[in-house]
Structures are given as structure tokens and as C-alpha cells.
Amino acid sequence: MLIHYCDAGNRPRMTARISPDGKKVEFDFLDLSGGTQFGHMDHAVFTFIDADHHTEDWTYMMSGDKPVRAHFDLRRAK
């Protein structure tokens with residue numbers, strides 16, 4: 001379970017699914033508390049590349065069900 005404490009004033013909950021190889025966790029929207037006037041976080045995928053590197057793909061649903069996507073490529077600083 002993932003709860004996103006959003007600046008939009010809501011708290012969407014998402015349930016996790018893990019890929020068979022264990023390298024990807026996908027979070028699907030379940031429900032939320034608070035309003036959707038300013039949109040809400042709807043979906044996320046974390047992909048674990050190695051111990052020092054992972055990516056995150058987030059989908060934010062704007063009013064009118066318009067998706068906005070963001071991709072993060074994160075690496076541990078050494």
C-alpha cells in the first residue's frame with residue numbers, strides 16, 4: 001500500500017503489484033480522501049535496476065481526467 005500525501009490537499013491510496021522478477025513495483029489507484037479539484041496522483045511504477053539505481057514513473061490525473069506523467073532516473077551518489 002502506498003499513500004501519497006499530496007500538496008493538492010488529498011491522500012490517494014494505491015495498491016502494489018510486484019513483477020515476477022521482483023525488479024518492478026507497480027501501484028494502482030484504489031481510493032482517496034480529500035477532493036479532486038486540483039487533480040490527484042493516480043499511478044506509479046518503481047523499477048529497481050541495481051542497488052544504486054532505480055527509476056520512478058508517476059501519473060497525476062488533472063481535473064477532467066487529463067494525465068500528466070513524470071519520469072525520474074535516480075542514482076546513489078558515491
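## Salt bridges and a nonpolar patch

Six salt bridges turn up in a search of the whole structure, which is a predicted model. The stops below visit several of them and then a surface patch.

**Stop 1: Arg13 and Asp31.** Select these two side chains; they meet in a salt bridge with an N to O distance of 2.7 Å. The pair links distant parts of the chain, with Arg13 in strand β2 (residues 11–18) and Asp31 in strand β3 (residues 24–33), 18 residues apart. Arg13 is partly exposed at 31% relative accessible area, and Asp31 is partly exposed at 28%.

**Stop 2: Asp52 and Arg76.** Move to Asp52, which forms a salt bridge with Arg76; their closest N and O atoms are 2.7 Å apart. Asp52 sits in the loop between β4 (40–50) and β5 (53–62) and Arg76 in the segment after β6 (66–75), so the bridge ties together parts 24 residues apart in sequence. Asp52 counts as partly exposed because its relative accessibility is 26%, whereas Arg76, at 54%, counts as exposed.

**Stop 3: Lys78.** Lys78 is in the segment after β6 and Asp52 in the loop between β4 and β5, 26 residues apart. Lys78 has 87% relative accessibility and counts as exposed.

**Stop 4: the nonpolar patch.** Finish with Met1, Ile3, Tyr5 and Leu30, which make a nonpolar surface patch of about 450 Å². Ile3 belongs to strand β1 (residues 2–3) and, at 40% relative accessibility, counts as partly exposed.

Note on methods: Residues numbered from 1 in each chain as written. Predicted model: local features only at pLDDT ≥ 70, side-chain atom pairs only at ≥ 80, totals over all residues. Heavy atoms only, no water. Patch = residues over 30% accessible without salt bridge, like charges linked within 9 Å, V, L, I, M, F, W, Y side chains within 5 Å. Areas by Shrake-Rupley, 256 points an atom, 1.4 Å probe, with all protein chains shown as cover. Salt bridge = Lys/Arg side-chain N within 4 Å of Asp/Glu carboxyl O. Helix = DSSP H or I, 4+ residues; strand = E, 2+ residues; numbered from the N terminus. Buried < 20%, exposed > 50% of the residue type's maximum accessible area, 1.4 Å probe, protein only.
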